[in-house]
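Trainee: I would like to learn how to read a protein model feature by feature. Could you take me through one slowly?

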Amino acid sequence: MDRFVAIDVETANASRSSVCAVGAVKVENGVITDRFYRLVRPYPNYYLQRFTDEIHGISRTYTDHEPTFAGIWPELSKFINGFPLVAHNMPFDRACLRAAAKTYGIEFPDNDFLCTLRKARTTFPRQICPSFSLPHLAHFLGIPFDNHHCAIADAEACAKIAIAIL
């Protein structure tokens, strides 16, 4: 697969609609060509301390003056531009994007949506790759990766994994 957008979202709380950051990386002809990153004022607009402290470090301080998902959607939609989407643990990211879109009456496109986690599980035996988490899989494939749970860093790692295994 040589043309797709790898995408990752972070959420503020357990609600799938509470997207607080979106990272996306465009791949054309097997090469990363563009990046998109936006903080988002989530809905509902509250943060679970565990998410802020232990997962992504984003809090209301960062997002209270940012646009809602509806506010970033025109730019994100233009960035995606009908490309197939790829995510690591795709069911989570797809559910969050659809829930955020539904909250604002946006029809989320029905693009193909592939999963690097699912593909890795069917490609590599556990004996050689004991964990398929994003950081472990990136390390296994020799892909430099740090800043896990930063949406743009996760999207870029996902894009590189997808280039390698899809």
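Trainee: At what angle do the axes of α5 and helix α7 cross, and within what distance do they come?

Mentor: Before the answer, please keep in mind that this is a predicted model, in which local features need pLDDT of at least 70 and side-chain atom pairs count only at pLDDT 80 or more, while totals for chains, interfaces and linings use all residues. Residues are numbered from 1 along each chain as its sequence is written, and side-chain values use heavy atoms, with hydrogens and water left out.

Mentor: In general, two packed helices are described by the angle between their axes and the distance between the axes. Here the axes of α5 and helix α7 (residues 151–165) come within 10 Å and cross at roughly 40°. Axes are lines fitted to C-alpha atoms, for helices over the stretch in contact, and angles run from 0 to 180 degrees between N-to-C directions. Helices (H or I, at least four residues) and strands (E, at least two) are DSSP runs, numbered from the N terminus. The two helices α5 and α7 are therefore oblique to each other, given that angles under 35 degrees count as roughly parallel, over 145 as roughly antiparallel, 65 to 115 as roughly perpendicular and the rest as oblique.

Trainee: Which residues of α5 and α7 meet?

Mentor: T116, K119 and A120 in α5 meet C158, I161, A162 and I165 in α7, where contact means heavy atoms within 4.5 Å.

Trainee: How many aromatic pairs does the structure hold?

Mentor: A pair of aromatic rings is described by the distance of the centres and the angle of the planes. The structure holds four aromatic pairs; rings of Phe, Tyr and Trp (its six-membered ring) pair if their centres lie within 6.5 Å, and planes under 30 degrees apart count as stacked, over 60 as edge-to-face and the rest as tilted. The ring centres of F36 and F79 are 5.6 Å apart with the planes at 40°, so this pair is tilted. Since F36 lies in strand β3 (residues 31–39) and F79 in helix α3 (residues 69–80), the pair ties together parts that are 43 residues apart in sequence.

Trainee: Are F36 and F79 buried or exposed?

Mentor: F36 counts as buried at 3% relative accessibility, and F79 counts as buried at 7%, because buried means under 20% relative accessible area, exposed over 50% and partly exposed in between (1.4 Å probe, protein chains only). Another pair, F124 and F140, is edge-to-face, with 5.0 Å from centre to centre and 70° between the planes. F124 counts as buried at 15% relative accessibility, whereas F140 is partly exposed at 31%.

Trainee: Where does R3 lie?

Mentor: R3 lies over the face of F83, at 3.7 Å from the ring centre, and the charged end of K26 sits over the ring of F83 as well, 5.1 Å from its centre. A charge sits over a ring if NZ of Lys or CZ of Arg is within 6 Å of the ring centre and within 35 degrees of the ring normal.
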